[in-house]
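Trainee: I have a model open and would like to learn how to read it. Please take me through it feature by feature.

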Amino acid sequence: MSFDAPAIDYAALSPVIALTAGLVAIVLAAVLDPIKRFGPVLALIALATTAGLLIWQWNADADLVSGALRLDGLAVTLSLLTIVAAAVAVLLAIGDPAETQAGRSDWLALLMGSVLGMVILAQATSMLTFFVGLELLSIPLYALCGTNLRRRESLESGLKYLIVGSVGSATLLYGLAMIYGASGATEFQAIADGLRAGDGMLSDSLTLAGVGLIAVGLAFKVSIAPFHQWTPDVYQGAPTPVTSFMAVATKAAAFAVFIRFFLVALGPLADQWDVMLAALAALSIVVGNVGALAQTSLKRMLGYSGIAQAGYMLAGIVTATQAGVDALVFYLAAYVAMNVAAFAVVVIRERQTGFSDDISTLRGLGRDKPALAWPLTISMLALAGLPPTAGFVGKLYLIEALVDTDWTWLAVMIAVGTMISLGYYLRVVAALWMGPARDEEEEGEAIDTASLPPQIAGAAVADPFADEGADRRWYLLAPAVLAAAAAIFFGVIPQPLVEFAQHAGNALSVWVS
Amino acid sequence: MLSSIIWTPIVFGLIGLLVPRRFAAWVATFGAVITLGLAIGVLAGFDPDGGMQYVTDVTWISGLGVDYSLGIDGVSIFLVLLTAVAWIPAIAFSALRGVERPGLYYFMLAAGETATLGAFLAQDLLLFVLFFDLMIVPFYFLFGIWGRDRGGDDDPAGSPGRGSVTVQSATLKMIVFTLIGSLLMLVGAIAAAVISADGGELTFSIQAIVARGLPDGSQNWIFWFFAVAFLVKMPAFPLHGWMPDAYRAAPLPALAVFSAVLSKVGAYGFLRVVLPMMPDAAELFQATMLVLAIASIVYGSIMAFTKTDLRLVLGFSSVAQLGFITAGIFAFELTGAEGAVLQMVNHGLVVVPAFLIVALIAERTGSEELGPMGGLAKRAPVFAVIFLIVAMATLAIPASANFIGEFYILNGLFQVDAAWAIVASVGVALAAFYALRMYQLTMHNPLPDGADSREISLRDALVLIPMVGIVVVLAFCPQLIVHGSESAVESSVAVVREVAK
């Protein structure tokens, strides 16, 4: 009797291994004082290595760990996006109170843990890895939101995210259990086969309830209305580097599994869920855009704008075609660039103005600090979908996929949402370029201590983290400038990004047309 | 060749950002002159009966079927020339006065020229939509950064008691109105390509979509998605709501090119895209469009007659003129459409000096209001003559090219139904009222206190006289444009006439 040891495809697993090794190294380095302060360098090296390994595995198409994970175009591309977002968060966090107060290594370890969860989630092809990845992504994030220990809003946002996130996870888990009950399988492909084979399972109420609960659970994670209420509060309260990471990377990873689960496992049910997801997308577009109109805090505004953008991206799944997935991934990549540019500028302005992210702190920046004003302007124009930016091409891609599959009304919704969105994106641009410059008097107002709770007011007066020269720190400015440049570059020469997106879509060619 | 026309302005604009501030204006002027030279070069090798020429066609986004496809025909060549001509005085006029943050200002102006030229030359529907959207962005910044709040207490030049306008609200209104139109147009453009492809290979080439044709039912809604975008841009009644505020807040040199050229892109879009691509819908909605056009003529003329702010007089007169142009196009007669093309060029050529004259008047009287003005002609005969020519051209006095243009348009309308032509001709009469009123109240009458009647300076004259010279030359030989555009215009309207039979 012979026994074959299971073949382990180390090459395809290497990104996950590298990331885990990086996480362990950071935790270990924490105890060694001399190298402790090189934590960010260590994190960047780990992320760069992982990115390198992912690119090495660019053409991989492998089922791993007995079908629990799958490294393919979709996983590679979306993992790369989360890693870019994580690297930006590491840079933006240098010198941030959150990172310092929470202990640098701990903060970085939490971040790396979350990234690991995302990379696993992007590869998940089984309900078990799906859920494990999602929790590994979420739990460190709950903690990260609360790492600005001296700000009440930060702690509040951590708690709020924990509660809402847990509800989302529980809903999702419940839905997964129902689908398991209906199909008798945990792997995505087997679920699809099980649903097809089962008698009447495709229209069974158990199945449909499961689908609904899973959609709700995922909607919580990517902040789709009406499951979005946590988003503005958490975005505003969390330390900005974390917000930036959360806004971008969580969406990329959660959309990866959203695509895979709905198109592969629930592919046979596409006719049932497409209308439901279309309704959610349309609602998100309206709620996000209208909600953002009234905001004065830049971070809250970006939160609402993220809800609307999630609605646009969800429309890509509604089409249930490869073109829709391509469009979604393209938009997601553009979204990374646009948001990174915006959040990096917010981080810089926060440090210069005593942690105020009010839109009024931007007044006159176009005249005084063009290096900050331009990236934010480009980001806003790109989010509003104006040419020549990647945001325009992204919308074009999505609308084309929608019209091609007779979802023209949803395409019109995207156009209508974009019109509403001009109202708030251009308010930022107007503040940057068209208002009078801020004067000293108002500078004092921005950190008006009377209106703040006492423990914060004390911090604001002599804030050790306030940094007048923040706009000259390369590690803060570089992400802003590079991301804005990318948003323009891929608007003028979109072909490379189109191929990137098609690489993701091709991975699903077996399952969708 | 066409690519170099499009990209030359913005390249010089970028150089202007890099050179020291005092050279920025001259780099931009130089760029505009070179662009005009290139445009004239194209004209020299242009064959009026040759159809689409100088074609460039490169794949841009292969996954989406979008091509970087350019070409020029009898309609676009004159609009390209108009664009290239109009930008020079606007830039030079700013250069003589100096502006804040010159690098950025000239970059934005140049970007506007690039986008406008792109819209006139694009032969790919999506490229057209892209340039159409792109046009508004630099003007949003130009109006927003260099515009002024109007009607406030500290604004002597504004219109006291007419409601104040802030730059921010005016520019926001403008860009929202414009983009409401153009985003729907984006959906319409994609729908047109997808529906016409009918499962085959997707392409946005305008000619290919025209050749494949669209089913009647789809044409009807896609028609409105395009029409709204174009009518807002013109602007046409009742979609002109953004115009008064934006015109009052804008800096005059930028407003001059905005009013002269950008409004024409809408009218051009009807000829280039709407008529050939959606002939059934155009035929079906002919009456609606003519009603809108004639409403624009009457409403614009009356408003121009009642307003006292010079910018608004010119703004509403543009609404009326664009109404004429739309009416000419939707007559679906060769003469009407030829008149429309001629009138697009005429109006553009007249409006640029008109707005610059407003700036000169404001320098002399400190106001842009007709009320407290007068007598400027007293010591400034040359200035008065320049203004008189512009005013006469605006009211389409016989022997001006505008007269020929309006005559052609009315002739075209008459062939559809005499009633249309009769109502439209009211506009011609009203034009005489507002143009002469504007001239009289500024130039004649006693000179009010504090106003300074001084002759136009040599440098300003050098900026204005060439424009006015072109207006005069065109009055003698409008057939240059009428004949040059004939075959291209014919191919657009023939499609609709074919359907109508």
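Mentor: Begin with pairing: two strands pair if DSSP finds at least two bridges between them. Keep in mind that this is a predicted model.

Trainee: Which strands form a hairpin, and how many residues lie between them?

Mentor: In chain B, β1(B) and β2(B) form a hairpin with four residues between them. The turn includes B:Gly65, which has a positive phi of about 75°.

Trainee: In what sense do β1(B) and β2(B) pair, and over how many bridges?

Mentor: Strand β1 (residues 53-61) of chain B pairs with β2(B) in the antiparallel sense, over six bridges.

Trainee: Is β2(B) mostly covered or mostly open?

Mentor: A residue is buried if 20 or more other C-beta atoms lie within 10 Å of its own. By that count five of the seven residues of β2 (residues 66-72) of chain B are buried, and the strand is mostly covered.

Trainee: How many helices and strands does chain B have?

Mentor: Chain B has 19 helices and two strands. Its radius of gyration is 22 Å, close to the 23 Å from the globule rule for 501 residues, so chain B is as compact as a globular protein of that length. Buried residues account for 65% of the 501.

Trainee: What are the corresponding values for chain A?

Mentor: Chain A contains 23 helices and two strands. For its 513 residues the globule rule gives 24 Å; the radius of gyration is 22 Å, close to that value, so chain A is as compact as a globular protein of that length. In chain A, 62% of the residues count as buried. Of the contacts in chain A with a separation of 6 or more, 79% are between residues 24 or more positions apart.

Trainee: How many residues does each chain give to the contact between them?

Mentor: Chain B gives 25 residues and chain A gives 28. On the side of chain B that touches chain A, the elements giving two or more residues are α5 (125-146) and α6 (167-197) of chain B. The largest share of that side, 14 residues, comes from α6(B). By class, that side of chain B has 20 nonpolar, four polar and one charged residues.

Trainee: Which residues touch the most other members of the largest nonpolar core?

Mentor: As background, in soluble globular proteins, nonpolar side chains tend to be buried together. Here the largest nonpolar core has 432 residues, and A:Ala341 and A:Ala487 touch the most other members. Helix α15 (residues 322-352) of chain A gives the most to this core, with 23 residues. Leaving out residues up to four places away in sequence, A:Ala341 touches several residues, among them A:Pro375, A:Leu376, A:Ala484 and A:Ala487.

Trainee: Why is α6(A) called largely enclosed by the rest of the structure?

Mentor: Because 19 of its 20 residues are buried, α6(A) is largely enclosed by the rest of the structure. Helix α6 (residues 104-123) of chain A reaches 29 Å from its first C-alpha to its last, close to the 28 Å expected at 1.5 Å a residue.

Trainee: Is A:Val211 buried or exposed?

Mentor: A:Val211 lies in helix α10 (residues 205-222) of chain A. A:Val211 has 23 C-beta neighbours inside 10 Å, so it counts as buried. Not counting residues up to four places away in sequence, A:Val211 touches A:Leu266, A:Leu269, A:Gln272 and A:Trp273.

How values were computed: Residues numbered from 1 in each chain as written. Chains lettered and ligands numbered in written order. Predicted model: local features only at pLDDT ≥ 70, side-chain atom pairs only at ≥ 80, totals over all residues. Rg over C-alpha atoms; globule rule 2.2 N^0.38 Å. Buried ≥ 20, exposed ≤ 12 C-beta atoms within 10 Å, placed from the backbone. Contact = placed C-beta atoms within 7 Å. Nonpolar A, V, L, I, M, F, W, Y, C, P; charged D, E, K, R; others polar. Core = buried A, V, L, I, M, F, W, Y, C linked by C-beta atoms within 7 Å. Expected span 1.5 Å × (residues − 1).
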